4 protein chains.
Amino acid sequence: MVKVGVVGYGVIGQRLADGVALQEDMELIGVADVSPTLPIRALKEKGMPYNFYLGIAENLPQFAALDIPVAGSLEELVQKVDIVLDATSAGVGAKNKELYAKYNKKAIFQGGEKNSVADVFFHGYANYENGLEKQFLKLTSCNTTGLIRSVDCLDREYGVEKVAITIIRRVADPGDYHRGLTNALQIDKAPSHQAEDLMTIMPHINATGILVHTPVTHGHIITVVATTKKKINKEQALEVFTKHPRIRVVRIEDGFQGNASLFRYARDLGNPRGDMYEIGLWDESIVESGNDIMYAINIPQEAVTIPETIDGIRAAMGMQTEGVLAVAETNKYLGMGKWMKK
Amino acid sequence: MVKVGVVGYGVIGQRLADGVALQEDMELIGVADVSPTLPIRALKEKGMPYNFYLGIAENLPQFAALDIPVAGSLEELVQKVDIVLDATSAGVGAKNKELYAKYNKKAIFQGGEKNSVADVFFHGYANYENGLEKQFLKLTSCNTTGLIRSVDCLDREYGVEKVAITIIRRVADPGDYHRGLTNALQIDKAPSHQAEDLMTIMPHINATGILVHTPVTHGHIITVVATTKKKINKEQALEVFTKHPRIRVVRIEDGFQGNASLFRYARDLGNPRGDMYEIGLWDESIVESGNDIMYAINIPQEAVTIPETIDGIRAAMGMQTEGVLAVAETNKYLGMGKWMKK
Amino acid sequence: MVKVGVVGYGVIGQRLADGVALQEDMELIGVADVSPTLPIRALKEKGMPYNFYLGIAENLPQFAALDIPVAGSLEELVQKVDIVLDATSAGVGAKNKELYAKYNKKAIFQGGEKNSVADVFFHGYANYENGLEKQFLKLTSCNTTGLIRSVDCLDREYGVEKVAITIIRRVADPGDYHRGLTNALQIDKAPSHQAEDLMTIMPHINATGILVHTPVTHGHIITVVATTKKKINKEQALEVFTKHPRIRVVRIEDGFQGNASLFRYARDLGNPRGDMYEIGLWDESIVESGNDIMYAINIPQEAVTIPETIDGIRAAMGMQTEGVLAVAETNKYLGMGKWMKK
Amino acid sequence: MVKVGVVGYGVIGQRLADGVALQEDMELIGVADVSPTLPIRALKEKGMPYNFYLGIAENLPQFAALDIPVAGSLEELVQKVDIVLDATSAGVGAKNKELYAKYNKKAIFQGGEKNSVADVFFHGYANYENGLEKQFLKLTSCNTTGLIRSVDCLDREYGVEKVAITIIRRVADPGDYHRGLTNALQIDKAPSHQAEDLMTIMPHINATGILVHTPVTHGHIITVVATTKKKINKEQALEVFTKHPRIRVVRIEDGFQGNASLFRYARDLGNPRGDMYEIGLWDESIVESGNDIMYAINIPQEAVTIPETIDGIRAAMGMQTEGVLAVAETNKYLGMGKWMKK
């Protein structure tokens, strides 16, 4: 059993902990954070299903006042685990890295950190082998993670030469107040970093794109214009998308009218927090553009990187040398793809 | 065991079904709807935890094509149950009533129906006794249900003579596309129907108010200016709010910055669908206005009427003659108030 | 002087009237509508700069009560003019057409009507000649009008073979309550009608695209991936965009961060209603995608079709046989392009 | 002719300059800012109707590069004027005050500065006399300015003892990207500072209130529960509101459905920037709450403080000793109240 610790118990950290707890070949030793935030209060209200470790000793009285049990310090957590999933705010991970290095522990950082924090910029499907036995991995960001799922499966089947993407970005998560946008579409300088990140992971593909922020919270939508080695039609694209366990092909006609439908559906499924690990891909969005294929995907930003991060544990810890087997194990424990057998 | 059926499996119907399923003295016989909507597809994907009955026989082939088992017709469901919870779209309930009457079954309608559909306009805390043994009840709407919780407890303790409310209404639920508002605050003619509804339930109180629609989805906020029989201070108000199992007193300082914080917290608690049965009430919103007391509450519109509807079952079926005991039973099975013991 | 009447005095009709009033070779005879809407009340408050004609005689008392002078009936207006600009709600124009035909008058319909309402589907730059001397024209919709401006100028200079567009659509105008979207991105079945409309106007180009509705009001953003006959670089694209009097090239660096910046800037310019006739095009959005060129434009939906509609008057009335001269006259009277000489 | 300078040419500064330029007994000497922002670029594009003075000499090359004429330094502007309207960002005004004091000039600060920056916290209607001949005034903020208009006129006619307000605050201006809120209602700790500010200006009134931020841009809505010395009815309230030249009584029935309707109407009126100096007050919002009166107003946040600031010039410069005459002069030059004679 690989021992895992989660550092930073916010939007991503909570979901990483839940995802790891489902892996039968991993053990979640505990989670760490620095103050009694709402997620920590929720953890307490749920009866402390996970042990909590404290990153700032001076804040202990706050936890005592709230009767929240503290299992130890962050440093103690690090010592107890084989690998840390660092989901702290951007920049903090780079500092924490010193602690992980001090105890010679492995760590996986999230997309907010700089690439230089890690030995490898990692995606479970697209470059699993690169992560094998490495000490420090950095996951692709949420948009890039989901985008690569769709491009990678097209690439494996038909060969992809070029992609031009338009990211219609949700600007905040549900419950965010520290960032937001009101009645505006905001454009970033092109090319988007997601396109450049895709090229880092899949260097044989030419990628560029434009990103526009929109005032919504329930998932990014990305349109992709992909140039394949030889022209494919809609049915050929649909076929590879449909059999991918981390892609959920949906239809507008069935009621999946937009990003919020996928969120509502995940809630109605009873998924914890209304989360969805799969990206959505709209059947009716797929169109042929001359020799290119164009389609639209939905990125559930809060949960989408969880599976690939867990793939990263398998790679870094050498639990599985074959990427295809590693992702299958992650999928199995997360229950992904079950819905395909309907 | 009282046998319950839920007719209309949308936003409210799904939650009613889940709530009834938790009551140890009730049995959920099944749910009914007319077409394979997303909630029905989610029910199927979850493995049909509830039996499904079909309201429109001609749509059977649609269900067969999707391999969704149909347990019978709506009429059959009605025959099998003691009481129906009707959560259909506004106006449909009035038509369905004929069917319920035909088989001499009891029914509880939701706030969208006209008051005339029912014998009693009902709220579990404020007028439980009026609902006893009645055939047809109509629940207060979501805003009125939550508002009355807060006014009723003040009234019981200190006597309330008058309330003036401002409803800052969320205009749509997460995942709604058929209604919405974009970058506008829309005002309704005053007085708001919620104030008038409060007076129907609590005729000894003078109530009026103004309603403004806002482009958000995660809960209405209502400010209340309440005139009590004799002046009370903030601490006195806080005391009665704090001990109410259907009111969750929260603090901005702790991170509950607005309606979306309560939704996020409910998700982090692992509540199914991220739902919350309690209204939120902000400690730091309570202020004295001369002899009046003013405060703000949050109404989680998707789930707030579930407890009072279940109270309605207890009343209509005569399961419990004392309101105070009835609501306590509902609360126990829904797990309400557990969080107060932290 | 060509005599012009505007029928339908809403968002578009008001702006058509203002635009025509600026043309020194046209005379605005009057505007028509059916009830005392806010735009009519504003017309009255401004002192009736335009004569008003009434489409529904029975509503005359409403106008009398408000002391709004009525110059005559819709039918009288039609008789007095050479050409009608019909800006009524979708579907009404088709009915009004009978009246225009009865008096053998010309008319230009807006994008909401079906193509079959007109002899020609028209764009001032892309197919001016097709509109010459025709009785009934239909303008391209706002998105298509702006999109074609950018594609047409590239096409004339370098030849365009194919475009794949992503329309990030504003879902309502400022002040709309009858439609809206709240916290959702809604996707339409592809291909978008705008891509298909472009092909109707420019049949030598292969066009497809995906449209996503977003909850904002100040302008659509479209990203375009254009395949030119031979590869062009960013500078070449920028050059043709920069010299187009109906395209305003802007820079994020200068403060044009999104669609709302262009609206704010138009307000600060003192443009009536804060309108802008030009589409915006972001310099920093232009990127090369292999042999394709990609860029993003902003469509000010309320005003963008005004210039092309006035071009349509010149075409239908045969005021000018050369498209290039016709658009130059429209531009001169609307003051377009003045800002380029800074 | 009183010589006026405007320092800070942003949302408020631009409108102050336009308002002063309309006063026939004042002369706008110029406006000052520190960098070539969009408003400055718009000033240039309009042909420099106002002289521009530069606050940071080192930025002169940026202006030269854009061919924007600079008339002198901020310090020179201050020397040339009798009074400065400081509309810089919060906190900057306090620093600028030293410069104004150095040359013994008068100045009026906007609501963002601390009260201590000025000798008097000022409102044209409610405490004009306090501002007479003072060197430094601070205007009430936008919400407080509009709120006081409505409370002051009730108070003068009927006596007001107490108000309890709910501020439904627009969170950003059109075109803001640096602040925003997405799909959330955010609540502030009560009481709101606007209620406390009202008490500073009108110390005989007891005021409290709750403020909720909403994700919209076109005007705050405030509901007011006012306790008058003796009970008044709706007609009595309506009468005093209707005759106030800075209050526009509107009707939902006529099409004024919310804050965005007032903005749209101002655009359709041809008001520069679509601005409105008047607050809106909905006829159908006025209701009696026992002995109190309740109503809702709309605050057009970008322009509402302009009239009262100009009143402040009249007070500080001693141009008029009677408040009632001073506001009448401001109103006349701004064209306020003209619309009442319809």
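Predicted model: local features only at pLDDT ≥ 70, side-chain atom pairs only at ≥ 80, totals over all residues.
**Exercise 1. Confidence and overall build of chain A**

State how confident the predictor is in chain A and in the complex. Then describe the build of chain A.

Solution. 
- Step 1. Start with confidence. Chain A averages a pLDDT of 97, and 99% of the residues score at least 70. For the complex, the predictor gives an ipTM of 0.97 and a pTM of 0.98.
- Step 2. List the secondary structure. Chain A has eleven helices and 16 strands.
- Step 3. Along the principal axes, the C-alpha atoms of chain A fill a box of roughly 65 × 45 × 45 Å.
- Step 4. Look at the packing. Of the 342 residues in chain A, 61% are buried. Take the contacts in chain A between residues at least 6 apart in sequence: 69% of these join residues at least 24 apart.

**Exercise 2. The open sheet of chain A**

Give the strand order of the eight-stranded open sheet in chain A, and find the edge strands.

Solution. 
- Step 1. Read off the order. It is β4-β3-β2-β1-β5-β6-β8-β7 in chain A, with parallel pairing.
- Step 2. Find the edges. These are β4 (72-73) and β7 (120-122) of chain A, each of which pairs on one side only.
- Step 3. Zoom in on one pair. Strand β2 (residues 26-33) of chain A runs parallel to strand β3 (residues 52-54) of chain A, and three bridges join them. A:V31 has A:F52 in β3(A) as its bridge partner.

**Exercise 3. Strand β12 of chain B**

Which strands are joined to β12(B)? Say also why β12(B) counts as largely enclosed.

Solution. 
- Step 1. Recall the general rule. Strands of a sheet pair through backbone hydrogen bonds, either parallel or antiparallel.
- Step 2. Take one partner. Strand β9 (residues 160-170) of chain B runs antiparallel to β12(B), with eight bridges between them. Here B:V163 stands opposite B:A226 in β12(B).
- Step 3. Take the other partner. Strand β16 (residues 292-299) of chain B is also joined to β12(B) by eight bridges, and the two run antiparallel. B:V224 has B:Y295 in β16(B) as its bridge partner.
- Step 4. Judge the burial. Strand β12 (residues 220-228) of chain B has eight of its nine residues buried, so it is largely enclosed by the rest of the structure.

**Exercise 4. Chains C and A**

Relate chain C to chain A by a rotation, then describe the side of chain C that touches chain A.

Solution. 
- Step 1. Superpose the chains. A rotation of 180 degrees, with 0.0 Å of shift along its axis, places chain C on chain A with an RMSD of 0.0 Å.
- Step 2. Name the relation. This is a two-fold axis.
- Step 3. Compare the surfaces. Both copies use the same surface: 100% of the contact residues of chain C recur in chain A.
- Step 4. Count the contacts. In chain C, 38 residues are in contact with 38 residues of chain A.
- Step 5. Find the contributors. Elements giving two or more residues to this side of chain C include β9 (160-170), β11 (206-214) and α9 (259-268) of chain C. β11(C) gives the most, with five residues.
- Step 6. Sort by type. The side of chain C that touches chain A has 19 nonpolar, 15 polar and four charged residues.

**Exercise 5. Chain D against chain C**

Which element of chain D gives the most to the side that touches chain C? Describe what covers it.

Solution. 
- Step 1. Count the contacts. In chain D, 31 residues are in contact with 31 residues of chain C.
- Step 2. Find the contributors. α2 (38-45) and α9 (259-268) of chain D each supply at least two residues to this side. α9(D) gives the most, with seven residues.
- Step 3. Sort by type. The side of chain D that touches chain C has eleven nonpolar, eleven polar and nine charged residues.
- Step 4. Check the burial of α9(D). Ten of its ten residues are buried, including D:F263 and D:R264.
- Step 5. Identify the cover. It includes α1 (11-21) and α2 (38-45) of chain C, together with β12 (220-228), β14 (279-282) and β16 (292-299) of chain D.

**Exercise 6. Residue D:T305**

Is D:T305 buried or exposed?

Solution. 
- Step 1. D:T305 is in helix α10 (residues 305-316) of chain D.
- Step 2. Apply the cut-off. A residue is buried if 20 or more other C-beta atoms lie within 10 Å of its own. D:T305 has 30 within 10 Å, so D:T305 is buried.
- Step 3. List contacts beyond four places in sequence. Among them are D:I12, D:Q110 and D:L139.
- Step 4. Examine one pair. D:T305 and D:Q110 are 195 residues apart along the chain, and their C-alpha atoms are separated by 8.5 Å.

Conventions: Residues numbered from 1 in each chain as written. Chains lettered and ligands numbered in written order. Least-squares fit on C-alpha atoms with pLDDT ≥ 70 in both. Contact = placed C-beta atoms within 7 Å. Helix = DSSP H or I, 4+ residues; strand = E, 2+ residues; numbered from the N terminus. Nonpolar A, V, L, I, M, F, W, Y, C, P; charged D, E, K, R; others polar. Buried ≥ 20, exposed ≤ 12 C-beta atoms within 10 Å, placed from the backbone. Pairing = 2+ DSSP bridges. pLDDT = per-residue confidence, 0-100.
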